[in-house]
Structures are given as structure tokens and as C-alpha cells.
Amino acid sequence: MSNLDSIAFHEGEFKPLRECTVNIMTHALQYGTMVFGGIRGYYNNDKNNVILFRPKDHFKRLLNSAKIMQMKCKYSIEEMIEILKELVKRNQYKSNIYFRPFIYKSALRLSPSLHDVEDSFSIYTLLLDDYLDTTRGLRVAVSTWRRIDDNIIPTRAKVSGGYANSALAKSEVIQNGFDEAIFLDQKGNVSEGSAENIFIVRDGVIYTPPNHSSILEGITRKSIIEIAKRENIPLEIREIARSELYIADEVFFTGTGAQVAWITEIDRRVIGNGTIGPITKFLKEKYQKIVYGEDKEYEDWLVYVY
Ligand code: PMP
């Protein structure tokens, strides 16, 4: 079955993705005025259930992105979670899935202004296992493209127009033979990946850049910070210099798509001894257990479809 036959949610209705179209004059298409999320559903075979990971946090961030971009959403967080569940049921999914909810400026309007422009809400789904290969270490490079700043396009808002910045960096490094890009912010500090947050480990302490380093406030990042706290692993949120990446013992990305993805090489410097480090390994395994509903301590992060 083509993904185009899957059932999506568009203009208030559940219908085949192939019927979910927009006019070429749509404001969001012309100006990148769409805010979006990325949510995972994990299929647990033993429980015969699809488990949504932190949907409430994801929708809260979506509504915050909408607020920054002067958009309104017709649906409450609870209603949007119900739509996710309904999509799983209607598509009869028994596999790992990815949901892409978004709010967009749907008016056919020439001016790029945000106010008094009507919005729409849609969700489509994809079957998704790994977004980045998590079975091996990633070879990454610092991009020559700098991360957009809060006063340019706020990265805190997950707005489609801002992803032109991610696209430039990602293609640059892939065409140069690497797997993923790392952005520096406008000050030259480490920011994040093209679609992931970043963490380093030095002498047993985890560090991750602060919100003011032009990052997306990642739900996986927040989860890793909370896990480190509960598991008594020291973690500090502070600015990270580029050269610290090279001498870190461990470096990893986090994201809904990437999950916990370890990095073996940055700008042709081997990280640690080139294998997955003990803290990254622990967090990667812990995260996998949590998302599949196999860790009772973290059940409050999960919503079961059935
Ligand atoms: N940064 C960027 C730029 C992203 O696109 C993503 C993916 N949503 C992340 C970080 C990770 O965020 P999350 O853990 O919420 O998926």
C-alpha cells in the first residue's frame, strides 16, 4: 500500500492522504508559514498496542509555535491526542509510526503578514523505524551554515520556513560524505543538529546547549535531561564551544526521529575511542525501554491507543 492510501486528517475530516491537497497560492506554501510537530507511536508486540510518546508535550509545543506565529488552532491538546488515536485505528497500524501534525496559514493571500490570516490543521502519518542509523556511530560535520537566531526566525517555534536553514546544512554535509550536520549559533557556540539536539559527555558529566543557543526545545532532550536527573547522572546545561566537541568522551544526538543516536566522528576527529560510550549506551537503551512501555517508572510519558 502506498502511503498516499493511508488515512490522514485534513480540513476537519479523516480522508485518504492523496485527497489532502492545498492550492498553489496558499500562504504557507509561499512564505513557509506552517508550524509542525513530529510524534512517534511505538508498536509493542507483546501488549499488541501502539504507544504514543509524550503527545501532550508535543502538542503543547505545537501550540506555543502557533502562538509565536500568530496562528490559532481549533483543537485542544486532548482533541488532538484523540485524532492521533483515531488515525492509528483507521489505518489499523501495528508498526512504528510517525505523525506529522501541523497548523498552517491556509489563506490565499499575497501579503506575507501573519495577523488576520486564516489557519488550518492537518496530520499525516508515515511508517518509520530509524530516521538515522542508530546501529552504528554517525560521522558528522559542523556546517558552514549558522543556525538562525531568535531574532531572525525563532528556533523555539518549529516553523517550516526555518527548515530552509536545516536543509542547507543537511545537504551540505551529506554531499560532502557525512551523515548529519551540527550547527553553530550566531556567537559560534554549538547549537544543535539539523533535526536533533546534541549532548556531549566529558569526565562523566553530560552537557547540552541552553535554549539561548538557538535550539528547538526538544521533547527527547527534555526526556534525556529528566532521565539523567532520576538516574543520578550529572548533567549541566551550558554553552558548548566547537572544539569541546572534538575532545569529548561521548557525543550523541536526540530527537523524535533520531531517538538517541551516537556519534563516532566529528570533522574527521574520532570521538572517544570511536565506539559507543557507556553513558550514551545506557541512555539509548533506557530510552528504548521507556518508549516501548517496558519501564514502569516512566509510564506517565506514554499514551496507549487501545
Ligand atoms: N532540533 C530540531 C531542529 C528538530 O527539528 C528536532 C526534531 N523535532 C529536534 C531538535 C528534536 O526535537 P524532539 O526531540 O522534540 O523531536
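## Exercises: pocket, ligand and cavities

The lining of the largest cavity divides into 7 nonpolar, 2 polar and 2 charged residues. Here Ala, Val, Leu, Ile, Met, Phe, Trp, Tyr, Cys and Pro count as nonpolar, Asp, Glu, Lys and Arg as charged, and the others, Gly among them, as polar. The model is predicted: local features need pLDDT of at least 70, side-chain atom pairs count only at pLDDT 80 or more, and totals for chains, interfaces and linings use all residues. Residues are numbered from 1 along each chain as its sequence is written, and side-chain values use heavy atoms, with hydrogens and water left out.

**Exercise 1.** Find which residues line the largest cavity.

*Solution.*
- Start with the term. On a 1 Å grid over the protein atoms alone, a cavity is a set of points where a 1.4 Å probe fits but cannot get out; a pocket is an open set with protein on both sides within 12 Å along at least five of seven lines; lining residues have an atom within 4 Å of a point.
- Count next: there are 2 cavities of 30 Å³ or more.
- The largest cavity has a volume of about 60 Å³. A volume is the space filled by probe spheres set on the points, and grid points are joined across faces, edges and corners.
- Its lining includes Arg147, Ile148, Lys158, Tyr163 and Leu216.

**Exercise 2.** Describe the lining of the second largest cavity.

*Solution.*
- The second largest cavity has a volume of about 40 Å³.
- Among its lining residues are Asp249, Trp262, Ile271 and Thr280.
- E14 and strand E15 (259–266) each supply at least two of the lining residues. Strands (E, at least two residues) and helices (H or I, at least four) are DSSP runs, numbered from the N terminus.
- By class, this lining has 4 nonpolar, 3 polar and 2 charged residues.

**Exercise 3.** State which space the ligand takes, and describe that space.

*Solution.*
- The ligand takes the space of the largest pocket. A molecule sits in a pocket if more than half of its atoms lie within 2 Å of the pocket's grid points.
- The largest pocket has a volume of about 500 Å³.
- Of its 28 lining residues, the closest to the centre are Tyr98, Arg100, Lys158, Ala195 and Gly257.
- H4 gives the largest share of this lining, 4 residues.

**Exercise 4.** Find how far a polar side-chain atom of Tyr163 lies from an oxygen atom of the ligand.

*Solution.*
- The distance for Tyr163 is 2.5 Å.
- For Thr256, a polar side-chain atom lies 2.6 Å from a ligand oxygen atom.

Methods: Polar contact = N/O pair within 3.5 Å; in protein donor to acceptor, adjacent residues only side chain to side chain.
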